[in-house]
Amino acid sequence: MTNIDFASLRLIGLNHSIASQLHLLDNPPPDARLLRVSAVQRDRLGVHDGHDESSARVLPALLKELQLRGLALAVGDWVLVDGRADGEQWITRRLEPLSHLARRDSAGQRQAIASNVDTALLVMGLDHDFNPRRLERYLSMVHAAGVAPVVVMSKADIGVDVAARMQQLRQRLPAHLPLLALNGLSGDAAAQLAPWLGAGQTLVLLGSSGAGKSTLTNTLCHATQATGAVRADDGRGRHTTTARSLHRCAGGACIIDTPGLRSWQPDADEQTLAASFDDIAALAARCQFRDCRHDGEPGCAVRGAVDADRLRNYHKLLRQARLVEQTPLERIAERAKWKAIMRAPRKRAMQGRD
Ligand SMILES: Nc1nc2c(ncn2[C@@H]2O[C@H](COP(=O)(O)OP(=O)(O)OP(=O)(O)O)[C@@H](O)[C@H]2O)c(=O)[nH]1
Ligand SMILES: [Zn+2]
């Protein structure tokens, strides 16, 4: 029978939906332990039992099965781990995640970011990091994964034009989206984020390098990290330097910190991306033409009602999604078309940044 220490695992986000999957497994391995992936390295993973982190390897059969499905283990995955006589820990199963965040790299390859996340904090600095288009790209990725986003504008204490920028975002983004400005170095940040930090919740922090993700993680999880570090007694493969992704917060939530992403796209097809701009989708129902592209057609309800740069970004993201879905031949034709358009200097001026 699989071992579940529910009280301990609850500290790192175990809930009943995950635990109940154990009863549905075919041939559950005897004496396996349920643990959570807390760090991913090249050929080793950090696994957490709620109190301590240790190191494990993935069974080649599981690795192969995941690869065939285009998947990979990510921080936040729940796994079954078997201890062997040689002292090595092997990950034998991965429970089906309730949510899974992934991105596409510049070559179109899918890369796993995090699994079983309730809330994504999209962290962006109110300094030179400020970039609404990039924020919208993060929102699409998070929406495609079925994770609830919260926009966290950091460096409110040192940012430039803070009030004007917050106002700009409020006007540009859908009204229902939680949006707040904070100083990640101040204890007040925990109070501002309290609605999302309940016991058993898992949050992931996403944003560019330097946005303030680790600073915020330290502020929110400081007490737990300090106590977590002193528990070093069995000495087996613990606390490797990169194994710092899953952090416990004092109030019972846990946070997955991620490195800043460079040159990436949301892992979503055109339809999913379009749905992630739900303000545009809602307005589009009132366009005169059912297949309106909101690109200058008469009777368009979107153009004029949505921030012009947001609409340009929407079109750009859909174009990129189509590109990933295309066959190589279609891609060549599309590229030729764009080359011709890019050659026309008047049109070039209309291509936005980022
Ligand atoms: N004044 C102020 N400084 C901040 C705030 N948030 C982050 N910083 C500073 O910004 C710098 C970068 O912050 P990090 O937390 O390391 O950024 P990160 O997003 O974790 O970056 P990567 O780990 O590279 O992805 C540090 O020097 C922080 O002290 C804030 O809200 N206010
Ligand atoms: Zn329209």
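Which of the 17 residues around ligand 1 come nearest? They are Ser209, Gly212, Ser214, Thr215 and Gly260; a residue counts as near a molecule if its C-beta atom, placed from the backbone, lies within 6 Å of it. What you're looking at is a predicted model, where local features need pLDDT of at least 70, side-chain atom pairs count only at pLDDT 80 or more, and totals for chains, interfaces and linings use all residues. Residues are numbered from 1 along each chain as its sequence is written, while chains are lettered from A and ligands numbered from 1 in the order in which they are written.

**The protein overall**
- The protein has 12 helices and 14 strands; these are DSSP runs numbered from the N terminus, with helices being H or I of at least four residues and strands being E of at least two.
- Take the contacts with a separation of 6 or more: 70% of them link residues 24 or more positions apart. A contact here needs two C-beta atoms, placed from the backbone, within 7 Å.

**Around ligand 1**
- Helix α7 (residues 213-230) is the top contributor to the shell, giving three residues.
- Sorted by class, the shell holds four nonpolar, 10 polar and three charged residues. Ala, Val, Leu, Ile, Met, Phe, Trp, Tyr, Cys and Pro are the nonpolar ones, Asp, Glu, Lys and Arg the charged ones, and the others, Gly among them, are polar.

**The barrel**
- Five strands close up in the order β1-β2-β3-β5-β4, with mixed pairing; strands pair if DSSP finds at least two bridges between them.
- Strands β1 (residues 33-40) and β2 (residues 45-48) run antiparallel and are joined by four bridges.
- In that pair, Ala39 sits opposite Gly46 of β2.

**The listed binding site**
- An unreviewed UniProt entry lists Cys287, Cys292, His294 and Cys300 as "binding site"; its positions follow the numbering used here, feature names are shortened, and annotations may be inferred rather than shown by experiment.
- Cys292 lies in the loop between α9 (278-284) and α10 (308-325), and His294 is in the loop between α9 and α10 too.
- Cys292 is partly exposed because 19 other C-beta atoms lie within 10 Å, whereas His294 counts as buried because it has 20 C-beta neighbours inside 10 Å.
- Leaving out residues up to four places away in sequence, Cys292 touches Ala284, Cys287, Glu297 and Cys300.

Notes. A residue is buried if 20 or more other C-beta atoms lie within 10 Å of its own, exposed if 12 or fewer, and partly exposed in between; C-beta atoms are placed from the backbone.
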